[in-house]
Structure formats: C-alpha cells, structure tokens
Amino acid sequence: MSATTDRFLRPLLRRLQSTATFSDTVIRTFAELPITIRDFEPGQDILHDGDRPEHCAMVVEGWVCRLKLLPGGGRQIIAFHIAGDMPDLQSLHLGVMDHGLSAVTPATVALIPHDALREQTARRPELAALLWRETMIDAAMFRGWLTAMGRRTAYGRAAHLFCELYLRQRAVGLAEANLCPMPLRQTDLADAMGLTAVHITRTIGALRRAGLIDLQARALTIRDWDGLCRVAEFDPSYLHLKGVAD
C-alpha cells in the first residue's frame, strides 16, 4: 500500500467503522481506488453551486463546510465536515451540485473518480449498501440541523452544534476526554446557526458563564456534558454512531 493510499484510507475507515461493520473486501476495494490528493487554503472553494463534478471528495485532514450563497451575498453553512467524511457523495448520482463545498481550515481532500466508484458499487453490493447508509446518515444530520434552526433558541442551537461536533470527533479519534478541536471562526458559527457574529459571541459567553463549555485557542472544552445536552435537548441517535451512549 502506498503512503498516499494509506493517508486516504485511515480517516475513511475510522469514519465508516464508527457507524457500520463491513468486510475486509470493502477495505481492499477502497485501497485499490484511484485517488488524487489536493490541498486547499481556508476559504478556498472545492466545489461551486452548479458544478458538474467527476469526482467525489473525501476529507483527509482539516475541516470543510457545505454552503449556499445567496444573491445578496449572504452565506448559509449547511454542514461541517471533518477527516473521513465524504461531503459530496450524492454527486455520484446527482449530476449538478446544488450547493458549494469550501475549506474552513487548511484542508487536504482526496478526489475519487465517479467512474471508479460506480464500477465498484455495481460489482460489490456490500460497498453500495455502505455508501447508501452514509447518504442516509447525512440526511439524518440535515434533519437535526433543520430542527435546531427552526425550533431552538440561539442558546439551544449553539449547545446542540457543540454536542454534535464533539461526538463526531470523538467517534473518529479526534477528541479525548471532554476536549476537541474547534477551529471555527465566529463568522463560521454564526453562518451555521443563522445568527449574527455579535449574537453568537453573546451566546457562547452565556454557555461559558453557565459552566457548560470553554472555547478558546481553537479548542472546545466541555465542562458539563449532561448540562450541555439538557440545554440542547440533544438526542445523539440521529448520528447513528456505534457506542454513542458510552
């Protein structure tokens, strides 16, 4: 196995093993896929709304976001993605992108040709089912975000987002104890929660004063997990993570 393949495979397997069980055949199939590795700077677009990509992207390192840009210049972030995620898997069957994909931090992305993925999923039903499951989990996360945006207060929205990002990172070995990376700017958090930068600053301050979190130096420390979950009304079942109740 080449160093490039190993670099691609390790985060992908951590992500998939956090939600599903699969055979060594699937692992070998992933290892044989032709990939191209690309690096992106913060704010650099990976895909644009309206693009017709010929590859699926997988995050190798760093953070990326899915977003919609409004005609007036506004931005709505609709998901954050970390190492191991395949944020545009739907492009395998939907020819035109209906949103953009952009690097939030310095990010390394593996590009997997659609033709190669289609060939392997046609040959290997187990692989097809695994990727289909990933798209279903992705849809479940959208429902979680939609509910938070539509029915929770700013305080509850922020708490819910921090609960989700912590658990997702813990599941793939990027968090330890109650500490995880949180390299998002105030504007990123505001655009994800439909708030102004001033409002999100006040909301994070309120969570900090309540003894629930600490957010500094690009790291999130959860001081009171049970309390944060109560504020968020957080039910992690929508993430479909194995051992999530541990």
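On a 1 Å grid over the protein atoms alone, a cavity is a set of points where a 1.4 Å probe fits but cannot get out, and its lining residues have an atom within 4 Å of a point. This is a predicted model, in which local features need pLDDT of at least 70 and side-chain atom pairs count only at pLDDT 80 or more, while totals for chains, interfaces and linings use all residues. Residues are numbered from 1 along each chain as its sequence is written, and side-chain values use heavy atoms, with hydrogens and water left out.

**Stop 1: the largest cavity**

Select W145, A148, M149, R157, H160, L161, E164, A192 and M193, which line the largest cavity. Its volume is about 100 Å³ (the space filled by probe spheres set on the points, with grid points joined across faces, edges and corners). Now colour by element (helices, H or I, of at least four residues and strands, E, of at least two are DSSP runs, numbered from the N terminus). Helices α4 (125–151), α5 and α6 (186–193) each give two or more residues to this lining, and α5 gives the most, with four. By class, the lining has six nonpolar, one polar and two charged residues (Ala, Val, Leu, Ile, Met, Phe, Trp, Tyr, Cys and Pro count as nonpolar, Asp, Glu, Lys and Arg as charged, and the others, Gly among them, as polar).

**Stop 2: the second largest cavity**

The volume here is about 50 Å³. Both β5 (75–81) and α4 give two or more residues, with the largest share, four residues, coming from α4. Over the whole structure, a search finds four cavities of 30 Å³ or more.

**Stop 3: an aromatic cluster**

Next, pick Y166, W225, F234 and Y238, which form one aromatic cluster. Rings of Phe, Tyr and Trp (its six-membered ring) pair if their centres lie within 6.5 Å; planes under 30 degrees apart count as stacked, over 60 as edge-to-face and the rest as tilted. This rule gives five aromatic pairs. Zoom in on Y166 and W225, a tilted pair at 5.5 Å centre to centre with 55° between the planes. Y166 sits in α5 (residues 154–171) and W225 in α8 (residues 225–232), so the pair links distant parts of the chain, 59 residues apart.

Y166 is buried at 3%, whereas W225 is partly exposed at 24%. W225 also pairs edge-to-face with F234, at 6.2 Å centre to centre and 80° between the planes. F234 is buried, at 10%.

Definitions and conventions: Buried < 20%, exposed > 50% of the residue type's maximum accessible area, 1.4 Å probe, protein only. 1 Å grid on protein atoms, 1.4 Å probe; cavity = no way out; pocket = protein on both sides within 12 Å on 5 of 7 lines; lining within 4 Å.
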